[in-house]
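Take a look at the structure below. We will walk through a sheet first, then turn to the helices.

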Amino acid sequence: MTLELVTIPCLKDNYAYLLHDAASDETTLIDAPEAAPILAALKARGWHLDQILLTHHHWDHIDGVAEIVEATSAEILGAAADAHRLPPLSRALVEADQVQVGAEIGYVIDVPGHTVGHIAFYFPVSGLCFTADSLMAAGCGRLFEGTPQQMFDSLAKLQQLPPATLICSGHEYTTANLAFAATVDPTNTALHARIREVARQRAGNRPTVPVSLSEELATNPFLRAQDPYIRQHLGMADATDAQVFTEIRALKDKF
Ligand code: ZN
Ligand code: FE
């Protein structure tokens, strides 16, 4: 049995996710941008919340924690490195630590770059990875604290996951991310197909997440620094992959 995933739009363009295990009736929340839509999603399904997994300390991922804990008494799990700036943690996590939803194990992956303490949660049996503002749909998070090399290394770890893994990221930024992607990878037909698909999804007010890692590998320029056409397009045929990634990140910041 795999876990049931619920995607919850929050605030202007954030996502929170619920994971539910039917056998044990356990429910886990990943990130808490605001309480109301999350509590409503729990109530609609008659689920009780057991724990909250936090990806990083930014307000738009934790602002709902206090109200949700008040209503549910859920435990709070987050990065040990950021314990001083996260809500009070029930458990502090480091890379490769295990979390559990019912019988299913999830693993903590350190993915610094957007912030230095950013972590992701990977559930191999259900094939889900919660990446928040590290690997994002068609993009990656802005480098508020980390270096380009740190984000490059973080994304390299996530690229090792099975291609069918569904990437659950933290924001609905996909349309803008794809518009930028088309400027560095203009001849990529998979990218143009995705732009059309995302336009249809957004016209119907549907989330563009989660999305498979294989789709990201084919269309996300931040995972494609090795691509000969992108390198040629940027005039960086002889650069290292990390240098190409750094240039793509700099171009996105100016886009
Ligand atoms: Zn953030
Ligand atoms: Fe965010």
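Start with Phe123: its bridge partner is Leu128, in β10. This model is predicted. The bridge between Phe123 and Leu128 belongs to a pair of strands. β9 covers residues 119-123 and β10 covers residues 128-132. The two pair in the antiparallel sense, over 3 bridges. Strands of a sheet pair through backbone hydrogen bonds, either parallel or antiparallel.

Now widen the view. β9 and β10 belong to an open sheet of 6 strands. Read across, the order is β7-β8-β9-β10-β13-β14, and the pairing is mixed. Which strands stand at the edges? They are β7 (98-101) and β14 (211-212). Each has a single partner strand, so one side of each has no neighbour in the sheet.

α4, residues 148-159, lies across β8 (104-110), β9 and β10. Its direction is at about 155° to β8.

Next, find helix α1, residues 35-45. Which of its residues are buried? They are Ala35, Ile38, Ala41 and Leu42. Seen down the axis of α1, these buried residues fall within an arc of 140°, so they line one face of the helix. The spacing makes sense: an α-helix has 3.6 residues a turn, so residues three or four places apart point the same way.

What covers the buried residues of α1? The cover includes β1 (4-10), β2 (14-21), β3 (26-30) and α3 (65-72). On the other side of α1, Ala36, Lys43 and Ala44 are exposed. After α1 comes Gly46, with a positive phi near 70°.

Terms used:
Residues are numbered from 1 along each chain as its sequence is written. Chains are lettered from A and ligands numbered from 1 in the order in which they are written. This is a predicted model: local features need pLDDT of at least 70, side-chain atom pairs count only at pLDDT 80 or more; totals for chains, interfaces and linings use all residues. Side-chain values use heavy atoms; hydrogens and water are left out. Two strands pair if DSSP finds at least two bridges between them. Helices (H or I, at least four residues) and strands (E, at least two) are DSSP runs, numbered from the N terminus. Contact means heavy atoms within 4.5 Å. Axes are lines fitted to C-alpha atoms, for helices over the stretch in contact, and angles run from 0 to 180 degrees between N-to-C directions. Buried means under 20% relative accessible area, exposed over 50%, partly exposed in between (1.4 Å probe, protein chains only). The arc is that of the directions from the helix axis to the C-beta atoms.
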